[in-house]
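Visitor: Please show me the model. I would like to hear what stands behind each label.

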Amino acid sequence: MTSPIAFTLLPTSHDLGGFTVRRVLPQKKRAMVGPFIFVDEFGPAQLDIGRDLGVRPHPHIGLATVTYLFTGGIDHRDSLGTFQTIHPGEVNLMTAGRGIVHSERSPQSEMATGARLFGMQTWLALPDALEDTDPAFENIGCDALPVIDDGKASARIIMGSLWGATAPTTCHSPTIYADIVLQPGGSLPIDSEADERAVMLVDGDAALDGLPLEPYLLYLIAPGAKPRLESIGGGRAMLLGGADFASERHIWWNFVGSSNDRIRDAADRWNRGAFPKVPGDSEEFIPIPEVPLTRGRT
């Protein structure tokens with residue numbers, strides 16, 4: 001029998017002092033899955049009482065960030081003047097375009113009892129025609145995202161069209177993204193015809209056509225395969241992917257672009273203080289890293 005798994009990507013784990021971030025994209029073995037060029041899973045964790053997540057203002061170009069939480073909360077602020085507390089099951093989509101600055105902090109209510117962190121942070125590369133688009137922000141609430149549920153398996157459609165349902169979230173290029181929860185004995189077909197698809201187990205147990213999945217690894221599904229995601233004791237997994245990206249993308253620090261020149265220009269603008277400030281969070285910032293831009297992908 002042909003395996004439904006084309007290959008597997010192992011994450012790189014980073015201990016950020018109380019919680020772990022696991023990064024599976026980008027890496028040398030695979031740069032992108034559909035438009036997804038950056039995939040982080042963080043937590044589950046609970047920070048010490050009074051401690052802030054504390055991601056200071058920093059810039060982005062050429063991408064859209066997608067923040068999705070399983071538990072906890074994050075206060076998002078950006079240079080458009082947006083303030084939005086992200087709650088579990090919602091989607092925050094921030095389109096950087098030619099340039100945006102944002103910060104991510106723990107809500108005061110969370111810090112009072114110890115902020116919880118468990119979720120996904122992903123970046124979607126913008127197609128050529130949208131690299132210089134105006135920056136934008138949208139929050140899609142839980143009630144607006146379609147959920148399919150047969151009693152043993154449920155899936156919240158975060159982006160794109162899956163299992164006959166379509167999310168209202170803006171897609172800058174063909175994208176699929178879903179949060180799948182399986183009850184003990186539950187299963188769900190991964191029958192999307194997207195060019196590229198991948199699954200990550202984030203809790204419990206799951207298998208693809210009987211092949212067990214390990215937590216936090218990214219399993220790329222073979223083209224044309226339509227495996228069944230199933231669980232014995234119950235589990236949770238993320239499905240992501242979309243159309244094969246048409247042109248090469250370079251990534252360095254928080255910047256994505258079709259050329260290194262775009263990235264160098266953004267780095268120079270950040271160093272010169274030419275990006276806009278974040279209202280309500282303008283005193284701090286993250287400086288450019290000392291590692292030079294020496295290649296297209298990092």
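The questions below take up strands, a helix and cysteines in turn.

Guide: This is a predicted model, where local features need pLDDT of at least 70, side-chain atom pairs count only at pLDDT 80 or more, and totals for chains, interfaces and linings use all residues. Residues are numbered from 1 along each chain as its sequence is written, and side-chain values use heavy atoms, with hydrogens and water left out.

Visitor: What makes strand 17 largely enclosed?

Guide: Buried means under 20% relative accessible area; exposed is over 50%, and partly exposed lies in between (1.4 Å probe, protein chains only). Seven of the eight residues of strand 17 (residues 175-182) are buried, so the rest of the structure largely encloses this strand. Strands (E, at least two residues) and helices (H or I, at least four) are DSSP runs, numbered from the N terminus.

Visitor: How do you know that strand 17 pairs with strand 24?

Guide: Pairing takes at least two DSSP bridges between two strands. Strand 17 and strand 24 (residues 235-242) share eight, and run antiparallel.

Visitor: Why are strand 5 and strand 8 said to stand at the edges?

Guide: The open sheet has four strands in the order 5-10-7-8, paired antiparallel. Strand 5 (55-60) and strand 8 (83-86) each have a single partner strand, so one side of each lacks a neighbour in the sheet. Within this sheet, strand 7 (residues 74-78) and strand 10 (residues 100-105) pair antiparallel over four bridges.

Visitor: What makes one face of helix 2 the buried one?

Guide: N260, I263, A266, A267 and W270 are buried in helix 2. Seen down the axis, the buried residues fall within an arc of 120°, so they line one face of the helix. The arc is taken from the directions from the helix axis to the C-beta atoms. Their cover includes strand 5, strand 10, strand 25 (250-252) and strand 26 (255-257). Contact here means heavy atoms within 4.5 Å.

Visitor: Why is C142 called partly exposed?

Guide: Its relative accessibility is 27%, so C142 counts as partly exposed. C171, at 32%, is also partly exposed.
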